[in-house]
Amino acid sequence: MDDDRWMRYAIDLAYRSPNSATAYAVGAVIVAADGHQIASGYSRDDDPHVHAEESALLKSAGDTRLTSATLYSTLEPCTKRNSRPHATCTSLIIAAGIPRVVIAWREPDLFVTCEGVALLTAAGIEVVELPQYAAQAKVANAHLNI
């Protein structure tokens, strides 16, 4: 997989997120094992409460390639959320059967304590962190003063 290429694309998507005082700006892209994009999304792209990973997963629902795909996200997938408490991004990723997740940085404890990496790993999902992209992903969240 071309992790650098797809993380840069996810970061570009994060910058499209409308600013929110109560939510991060995140970009996500799902890539098939053959290197082709399945779907992408960003925070609040078509719904004021949709998360980036959730958006990409909704757009790819039913795609049989998900079980061998990689999901790239600029932020650790959520494990708690106020808007949809029963549909966290981590639970949606696990339910979709995605075997690999690549993130730029871990979610700080600004709104909630996130355990996405731990829960994904416990579910047998490979999690790769690309810290060299953390600063770029954080810039998309400058509105939160983090």
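The model is predicted. The salt-bridge count comes to five. Helices α2 and α3 pack at an angle of about 30°. Leu-110, Phe-111 and Ile-146 make a nonpolar surface patch.

**Salt bridge Arg-100 to Asp-3**

- Arg-100 forms a salt bridge with Asp-3, and their closest N and O atoms are 2.8 Å apart.
- This pair links distant parts of the chain, 97 residues apart: Arg-100 is in strand β4, and Asp-3 is in helix α1 (residues 3–14).
- Arg-100 has a relative accessible area of 15%, so this residue is buried, because the cut-off for buried is under 20%.
- Asp-3 also counts as buried, at 15% relative accessibility.
- Glu-126 joins in: Asp-3, Arg-100 and Glu-126 are linked in a network of salt bridges.

**Salt bridge Lys-59 to Asp-45**

- The side chains of Lys-59 and Asp-45 form a salt bridge, at 3.0 Å from N to O.
- Lys-59 sits in helix α2, while Asp-45 sits in the loop between β2 (37–42) and α2; the two are 14 residues apart.
- Lys-59 counts as partly exposed, with 49% relative accessibility.

**Salt bridge Glu-129 to Arg-106**

- Glu-129 and Arg-106 meet through their side chains in a salt bridge, with an N to O distance of 3.0 Å.
- Glu-129 belongs to strand β5 (residues 126–129), and Arg-106 to the loop between β4 and α4, 23 residues apart.
- Glu-129 is partly exposed at 33% relative accessibility.
- Arg-106 is partly exposed too, at 44%.

**Helix pair α2 and α3**

- Helix α2 covers residues 52–59 and helix α3 covers residues 89–96; their axes are 9 Å apart.
- At about 30°, the angle is under 35 degrees, so α2 and α3 are roughly parallel to each other.
- Their crossing is left-handed.

**Nonpolar surface patch**

- The patch made by Leu-110, Phe-111 and Ile-146 has an area of about 250 Å².
- Phe-111 lies in the loop between β4 (100–103) and α4 (116–122).
- The relative accessible area of Phe-111 is 34%, so this residue is partly exposed.

**Loop residue Ser-83**

- Ser-83 is in the loop between β3 (70–73) and α3.
- Ser-83 is partly exposed, with a relative accessible area of 35%.
- Ser-83 and Pro-48 are 35 residues apart in sequence; in space, their C-alpha atoms are 9.7 Å apart.

Technical notes. Residues are numbered from 1 along each chain as its sequence is written. This is a predicted model: local features need pLDDT of at least 70, side-chain atom pairs count only at pLDDT 80 or more; totals for chains, interfaces and linings use all residues. Side-chain values use heavy atoms; hydrogens and water are left out. Patches are made of residues with over 30% relative accessible area and no salt bridge: like charges are joined within 9 Å, nonpolar side chains (Val, Leu, Ile, Met, Phe, Trp, Tyr) within 5 Å. Accessible areas come from the Shrake-Rupley method with a 1.4 Å probe; for residues, only the protein chains shown count as cover. A salt bridge is a side-chain nitrogen of Lys or Arg within 4 Å of a carboxyl oxygen of Asp or Glu. Helices (H or I, at least four residues) and strands (E, at least two) are DSSP runs, numbered from the N terminus. Buried means under 20% relative accessible area, exposed over 50%, partly exposed in between (1.4 Å probe, protein chains only). Axes are lines fitted to C-alpha atoms, for helices over the stretch in contact, and angles run from 0 to 180 degrees between N-to-C directions. Angles under 35 degrees count as roughly parallel, over 145 as roughly antiparallel, 65 to 115 as roughly perpendicular and the rest as oblique. A crossing is left-handed if the near helix is turned anticlockwise from the far one by less than a right angle, and right-handed if clockwise.
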